Amino acid sequence: MSSEPSPVDELREYLGFAAAGDSAVDRKLKDIKRRKTIRRLWVGLGVVAFVAVLRWSLTTVDFSLAELYAQLPEFAEALTEYFPPTTYFGVLPFVDVMQYWEFMLEAELFAASQVTVAIAIAGTALGLPGALFFGVMASERVVPYPFNFLFRLTMSVIRAIPALVWVLILIPLGGVGPFTATLAVMIDTTGYLGRLFTDELEEIADGPIEGIRSTGANKSQIVSFGMLSQVFRQFIAWLAFDLEHNVRVAISLGLIGAGGLGLELNVQRRTFNYTEMMACIILVILLAGSVELLSQRLRSYLRDGDEVERTGIIEAFVTAPKKIVQSSMGKR
Amino acid sequence: MSTLTIENLTKEYGDVTALEDVSFEIDDEFVVLLGESGAGKSTLLRCVNGLTEPTSGDIYLDGEAISGSQPEVGMIFQQHNLVEGISAYLNALTGSLADTSTAESLFQRQDRETKTRALDALETVGLLDEAHQRVSEMSGGQQQRVGIARGLVQNPSLVLADEPVASLDPSSAESVMGYLKKAATVHEVTALVSLHQVNIAAHFGDRFLGLREGRLMFDVGPDELTPALVDDLYGSVETVALAATDTDQTGEEKQRLEVEV
């Protein structure tokens, strides 16, 4: 080795492109350094690409901090309508809760909530037979390989179309209203719940199937006793989860006119009645949160041996709006 | 009461021969099948039960050729293979599936006689009081006894058991074997049981079949089951015990333990 390495040599050494060392260890060390250099190059390239895509996205959506700043006073004004201030006992400043309450009674929001829940319950119940059928038939253990894909594919197509779009498709059939929303939830349930059933069936053990088979049972008995009996409780748990999901879907379906709480919310938004709109949102959160709490508790009770899942009451209500958006977009 | 006749039974899995030209006949006995893991014990039992299709050879039960699973042949598995989420009673009741239509069995519309039979079987294995309990909440020994009960509900003439006590502790193993023997005696069924524990086998068996590398090595009565014969079956494993000892492990298991240590 030379006595005084130049900076260029040092850099080459650091990056792993120096001349090969003598021993196997030296060569391996150089190899590792070179791998690291290459990995860093890729990461750098990734960062550059991401920045470019982000820039493009922001330009496409006309993202503008100046616009945000200019609109701030208007939003502040809207906020005072969202949360109308008042003073209690003459001194204590707080949101005027009574305004919400009066509107809830006046616009019969509780009746609207019932419509939303009814859409979810009816849609789930009507979709269940389809979900069971497709879910079981899509399992490779029930229907042999190429044919089960027919059922899988059907469910994939159903899921590819969000419930919001199903309503639009079905409007010629049932008009714009809760009836069409129920049909949309029904179809959505077949696709989603069926898929969850199929996944659950993939997990079952072979032992009980063989046990039932050894008794001389026929094919449908093997499926019901050997397979479905293993996942019965899980199916009920998924059903509860899907009902919860469907309540959120039903709310979002209301936004495009299919009735219930979502419809009322949209009407108030269009007429810029921000206080009334917030009253609707509060009810939405209460509704979605309560259904989620009930469903979570039922599921943790059903899941044998699982640690009891305890979603906090506050957590359930705080995360409700986010979950409604996810549900309406067809994500879980 | 029945006669099981095996004639020239051969089973090949690809290049591997699991059973080679095995023939024997058993008649109203409690027969124990001995041999190392991989000797073909499970394959033999699964062929008789119809869970595995033999490559060649014939199986006769009371002179009639049998193929496929049927209620005449009850099967008890090492891992009991019960439906864990439902009660012991409902599991025992699955033994009657072949007698009932799918709809009847789904809605538990079996006749009273069948339901009594399920409870009788559970009583035979000493689990009548626990009949309502979910299987997943039971101990390993209890679960295996439910497995025996399910086999009995089939009203079989032949009961097969594939290492029924291999995953149990010594005392549960002995009690399960006791119940199995009792069930076979009370219900007058022929039994073919594969076992790892030579001392348990010697205690319960009327007759012993030794399998090695898929071939039948010996077919002897209790008096002829000598230590030399057993040594020969398992190769030169020193810890295989025929006499009553404080261990229920077979030499093979011992060996495995030693290797792990």
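What percentage of the 332 residues in chain A is made up of buried residues? The share is 34%. The structure described here is a predicted model.

## Chain A

Chain A contains 14 helices and two strands. Its C-alpha trace extends over about 90 × 75 × 45 Å along the principal axes. The radius of gyration of chain A is 29 Å, whereas a compact globule of 332 residues would have a value near 20 Å.

## Nonpolar core

The largest nonpolar core has 135 residues. Within this core, the residues with the most contacts are Ala184(A), Ala92(B), Ala149(B) and Leu160(B). Helix α10 of chain A, residues 219–255, is the element that gives the most to the core, supplying 17 residues. In soluble globular proteins, nonpolar side chains tend to be buried together.

The surroundings of Leu160(B) can be listed, leaving aside residues up to four places away in sequence. Leu160(B) touches Leu45(B), Val48(B) and Asn49(B), then Val73(B), Gly74(B), Met75(B) and Ile76(B), and also Leu192(B).

## Sheet of chain B

Chain B has an open sheet of four strands in the order β2-β1-β4-β5, with antiparallel pairing. Its edge strands are β2 (16–27) and β5 (64–65), each of which pairs on one side only.

Strand β1 of chain B, residues 3–13, pairs with β2(B) through eight bridges in the antiparallel sense. Glu12(B) stands opposite Thr17(B), a residue of β2(B). β1(B) also pairs with strand β4 of chain B, residues 56–61, again antiparallel, over five bridges. Here Leu4(B) has Leu61(B) in β4(B) as its bridge partner.

Between β4(B) and β5(B) there are two bridges, in the antiparallel sense. Leu61(B) has a bridge partner in β5(B), namely Glu64(B). The hairpin of β4(B) and β5(B) has two residues between the strands, and Asp62(B) takes a positive phi near 50° in this hairpin.

## Domains of chain B

The domain assignment divides chain B into domain 1, made of 3–72 + 157–260, and domain 2, made of 84–155. The contact involves 15 residues from domain 1 of chain B and 13 residues from domain 2 of chain B.

On the side of domain 1 that touches domain 2 in chain B, helix α6 (residues 170–186) gives the most, with eight residues. That side of domain 1 of chain B has nine nonpolar, five polar and one charged residues by class.

## Contact between the chains

Chain A and chain B also touch each other: 20 residues of chain A and 23 residues of chain B take part in the contact. Of the elements on the chain B side, helix α3 (residues 102–106) gives the most, with three residues. By class, the side of chain B that touches chain A holds ten nonpolar, twelve polar and one charged residues.

Methods
Residues numbered from 1 in each chain as written. Chains lettered and ligands numbered in written order. Predicted model: local features only at pLDDT ≥ 70, side-chain atom pairs only at ≥ 80, totals over all residues. Contact = placed C-beta atoms within 7 Å. Nonpolar A, V, L, I, M, F, W, Y, C, P; charged D, E, K, R; others polar. Core = buried A, V, L, I, M, F, W, Y, C linked by C-beta atoms within 7 Å. Buried ≥ 20, exposed ≤ 12 C-beta atoms within 10 Å, placed from the backbone. Pairing = 2+ DSSP bridges. Domains from an automatic or database assignment. Rg over C-alpha atoms; globule rule 2.2 N^0.38 Å.
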